[in-house]
Amino acid sequence: MASKPPKADPVQDAPHIAEPKHAAAGLPAIGHTLRIAQQQMGVRRTALTLLRVNQKDGFDCPGCAWPEPDHRHAAEFCENGAKAVAEEATLRRVTPEFFAAHPVADLANRSGYWLGQQGRLTHPMYVPEGGTHYEPVSWERAFDIVAEEIAALGSPDEAVFYTSGRTSNEAAFLYQLFARELGTNNLPDCSNMCHESSGSALSETIGIGKGSVLLEDLYQADLIVVAGQNPGTNHPRMLSALEKAKANGAKIISVNPLPEAGLERFKNPQTPQGMLKGASLTDLFLQIRIGGDQALFRLLNKLILETEGAVDEAFVREHTHGYEEFAEAARAADWDGTLTATGLSRQDIEEALAMVLASKRTIVCWAMGLTQHKHSVPTIREVVNFLLLRGNIGRPGAGVCPVRGHSNVQGDRTMGIFERPAPAFLDALEKEFGFAPPREHGFDVVRAIRALRDGEAKVFFAMGGNFVSASPDTEVTEAAMRRARLTVHVSTKLNRSHVVTGARALILPTLGRTERDVQVGPNGKSTEQFVTVEDSMGMVHASRGRLEPASGHLLSEPAIVARLARRVLGENSATPWEEFEKDYATIRDRIARVIPGFEDFNVRVARPGGFTLPHAPRDERRFPTATGKANFTAAPVEHPELPEGRLLLQTLRSHDQYNTTIYGLDDRYRGITNGRRVVLVNPEDARGLGLADGSYVDLVSEWKDGVERRAPGFRVVHYPTARGCAAAYYPETNVLVPLDATADTSNTPASKSVVVRLEQSTTD
């Protein structure tokens, strides 16, 4: 029998601190996985569910987007994937009786952890204007409410349609189709907050905003650089791929302000030897200062240029553009400036260079540590320069590897969830569906918050996710949401966004990945449906849930969008929304005619394991850029400036966390248990600031707008971070990230380089 959710909201600011771990996974991971799963699902349900995760005839993990190997283990999941599945397949329920007992004001004072632990949503719920509680509402009435508010808008551009990365390809395609048929490109998504910088940089330099490697390439690489990424917590199955790469002879360089246990040693729980001994992964750890990555890669590029025979001159000549301008900028890099920006030693960089020059096939992997700075886009362009110099794009065992977060965040973008759609995509939509989609660019996440704040947007509709907790500048974001006429959230579980409401608010409960999706066709026959997802490496495959739905009142995401579109668009739409709801194969037929690479979609996705989308730079060494070649770039080198007495803060996840979903209050690899309000500070920095280990401080961010943002009551933990750098968990620290502090070009919040001062705590 599964345990009941906690009645009390646990204190999170008095953690127990121990020494950080130096190995990830192993027996502790198995024990923790089984304990969490059984608490949520019970013993039998745990066994039946986990054995279907990431299997070819099972369902895609609702956690990260790491791809599956062709030959799969019976337990093809990681600890954090099991937690994600357990929370979705939980036996706990949030019923109308729960909402009757808890006013919205009460729920707004609860932690995100407590809200998430209450269980699965069972009924559509509604807060009327002036109401104090959510109350049950029929689906028909819910759609009427949305239609009423949209009809009252002065323009379709006063509505915002947000998307989380867990939405399926089918739902995402329908969602963007509905928004564009309504008349807006306001389609912000979670990519705006994470890998938008990657997409911007890669689109400009290689012509496609996705990574160029497949899983097999990692196994063939000579050198893998893992920069600004913590696979052990954020995508643990990547550790298995790195272990295999090491066994095949690869070297690994880790570039990170924090030492991370998963990149030190991986104890693979799928093998006896792995459990007992594990594999050492990192050959060279570069403990870089936050934001110094562009300077590091620029100096490496200078040193490659100065090494005779190191540049792949034939590749550069035949396949690239802009080399001379880039080379001139790279040769200007200097050691002193680089050592200041990176905090590294000359020996560190020379050792890295030797490994780079010894490698014929190099891959660079990265995540949020590179993408969430003001200068993130030029940083990633510099990574591309680094790979182009030695011909490391478009051949086996080499390439760019941005590691996406949510399980279908890349697929959402492929399906058209983008506020700045390509003209060719809009042309294809118009040809297929017979309406003229809007051409003006819409709102991304930051611009959507501004529009809500300023009264320019009045309806906010979220397909999944936890927008309020994921967004920057928490107080500004929450005030903006409360200005809306209507907020709507399609969700499986309760979260913070549901209790920060507009004048009216709806929660629409939906099926999860783990659940069977049965639709009744026009002939009255029930047909089990499946959906598809795209992983971080461009593989598209089916996902089939097997559990009975948590409630008989749930609708699938495609059904919700189709019914909403029918109600809002009415007779003005010639799109066969009812047909799409009853048979998802008809959606895939339309996707096949609109989006290149999906030809014969239904046939190809029926094959076990699915299919690989085309990628011109990888497959043909063809670069669909404006120049027709891969573009070298020559941006000035930037790094954050740090005033005296201040630290540079990066926001990060704990190990008991996936994005804004908090599974528990521990971060055992970092030695932190039973609490989240901690700030990790280098012991020498702490002593210089007069901060004892265990003292309590307020974090105060400083930015050019002159407004101070404060996160109170954090316990100081002396921790081996890079000098001048600190780290703390989000969403608790999102309050410190100014809304207007964003990456150039991509407009991604600069959550990894926040200048803060630490003051004696004002809390009791």
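In which helix does Arg687 lie? In this predicted model, Arg687 belongs to helix α32, which covers residues 683–688.

**Two residues and their surroundings**

Arg687 has a relative accessible area of 57%, so this residue counts as exposed, the cut-off being over 50%. Between Arg687 and Leu296 there are 391 residues of separation in sequence, and their C-alpha atoms are 28 Å apart in space.

Asp656 is found in a loop, between strands β25 (647–652) and β26 (657–658). Because its relative accessibility is 3%, and buried means under 20%, Asp656 counts as buried. The two residues are set side by side below.

| Residue | Relative accessible area | Class |
|---|---|---|
| Asp656 | 3% | buried |
| Arg687 | 57% | exposed |

The side chain of Asp656 forms a polar contact with the side chain of Lys83, at 2.6 Å. Lys83 is also one of the residues in contact with Asp656 when neighbours within four places in sequence are left aside; the others are His32, Thr661, Ile662, Tyr663, Gly664, Leu665 and Asp666.

**The nonpolar cores**

Which residues have the most contacts inside the largest nonpolar core? They are Phe161, Phe461 and Leu506, in a core of 63 residues. With neighbours within four places in sequence set aside, Phe461 is in contact with Val146, Val160, Phe161, Tyr162, Tyr175, Val488, Val490, Leu508 and Leu564.

Definitions and conventions
Residues numbered from 1 in each chain as written. Predicted model: local features only at pLDDT ≥ 70, side-chain atom pairs only at ≥ 80, totals over all residues. Heavy atoms only, no water. Helix = DSSP H or I, 4+ residues; strand = E, 2+ residues; numbered from the N terminus. Buried < 20%, exposed > 50% of the residue type's maximum accessible area, 1.4 Å probe, protein only. Polar contact = N/O pair within 3.5 Å; in protein donor to acceptor, adjacent residues only side chain to side chain. Contact = heavy atoms within 4.5 Å. Core = buried A, V, L, I, M, F, W, Y, C linked by side-chain atoms within 4.5 Å.
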